[in-house]
Amino acid sequence: TDQRQVNEMVRSLSADMPTGIDLSKAKAWGTFDGNAVSIYSSFNIESFARTTNPGVFKMTFATPFKENLSGNQLPFVVVGTSMVQSAYDENVFSLNAGTTNSTSAIEVRNDGGTGINAQFFSVVWFGELENE
């Protein structure tokens, strides 16, 4: 009986999902040069800039993600990696306070916590875009 109730609940939840949305595909991605402030390659990235703080970069999406209605969660999930050619230590990659549904502020720091302009880093965003 319990299993049937759980199955029915899962069926009703899946019935509420809009058709055609596939969150398994990246909605934006890019490979960036933090020193030269340039984009090697990208998808759904309109612009890329370095802020005045070392290691903080701002990407603007060509098509923004849907606004989060609850107001306390990000409208997307982000994954990234970075490399500094002269120092092969681990770099910390995180979102910065300037992140919204139309921009993503990425911060790259060395393992000592200092912001660094990574020569090479890649970022992938997953979520639902405004036009979906």
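Strands are runs of at least two residues assigned E by DSSP, and they are numbered from the N terminus. In this predicted model, residues 103–110 form strand β7, and S104 lies in that strand.

The protein contains 1 helix and 8 strands. Along the sequence these elements follow the order α-β-β-β-β-β-β-β-β. The protein has 132 residues, of which 31% count as buried. Its accessible surface comes to about 8000 Å², and carbon and sulfur atoms account for 52% of that area. Among contacts with a separation of 6 or more, 58% join residues 24 or more positions apart.

S104 has a relative accessible area of 0%; because buried residues are those under 20%, S104 counts as buried. The side chain of S104 makes a polar contact with the side chain of W125, at 3.0 Å. With residues up to four places away in sequence left out, S104 touches F57, K58, M59, F61, F76, L95, T99 and W125. One of these residues, F61, also touches W125, under the exclusion of residues up to four places away in sequence. Other residues in contact with F61 include A28, N44, I45, E46 and F76.

In soluble globular proteins, nonpolar side chains tend to be buried together. The largest nonpolar core of this protein holds 17 residues. Within this core, the members that touch the most other members are F32, I45, M59, F61, F121, V123 and W125. Two or more residues of the core come from each of β1 (28–33), β3 (45–50), β4 (56–61), β7 and β8 (120–127). W125, the polar contact partner of the S104 side chain, is thus named among the core residues with the most such neighbours, because membership of a nonpolar core rests on buried residues joined through side-chain atoms within 4.5 Å.

Aromatic pairs were also counted, and the total comes to 10. A pair of aromatic rings is described by the distance of the centres and the angle of the planes. For F57 and F121, the centres lie 4.9 Å apart and the planes make an angle of 40°, which is a tilted arrangement. This pair links distant parts of the chain, since F57 belongs to strand β4 and F121 to strand β8, 64 residues apart. Both F57 and F121 are buried. Ring pairs also join F57 and F121 with F32 and F48 in a cluster.

Notes. Residues numbered from 1 in each chain as written. Predicted model: local features only at pLDDT ≥ 70, side-chain atom pairs only at ≥ 80, totals over all residues. Heavy atoms only, no water. Helix = DSSP H or I, 4+ residues; strand = E, 2+ residues; numbered from the N terminus. Buried < 20%, exposed > 50% of the residue type's maximum accessible area, 1.4 Å probe, protein only. Polar contact = N/O pair within 3.5 Å; in protein donor to acceptor, adjacent residues only side chain to side chain. Contact = heavy atoms within 4.5 Å. Areas by Shrake-Rupley, 256 points an atom, 1.4 Å probe, with all protein chains shown as cover. Phe/Tyr/Trp six-rings, centres within 6.5 Å; stacked < 30°, edge-to-face > 60°.
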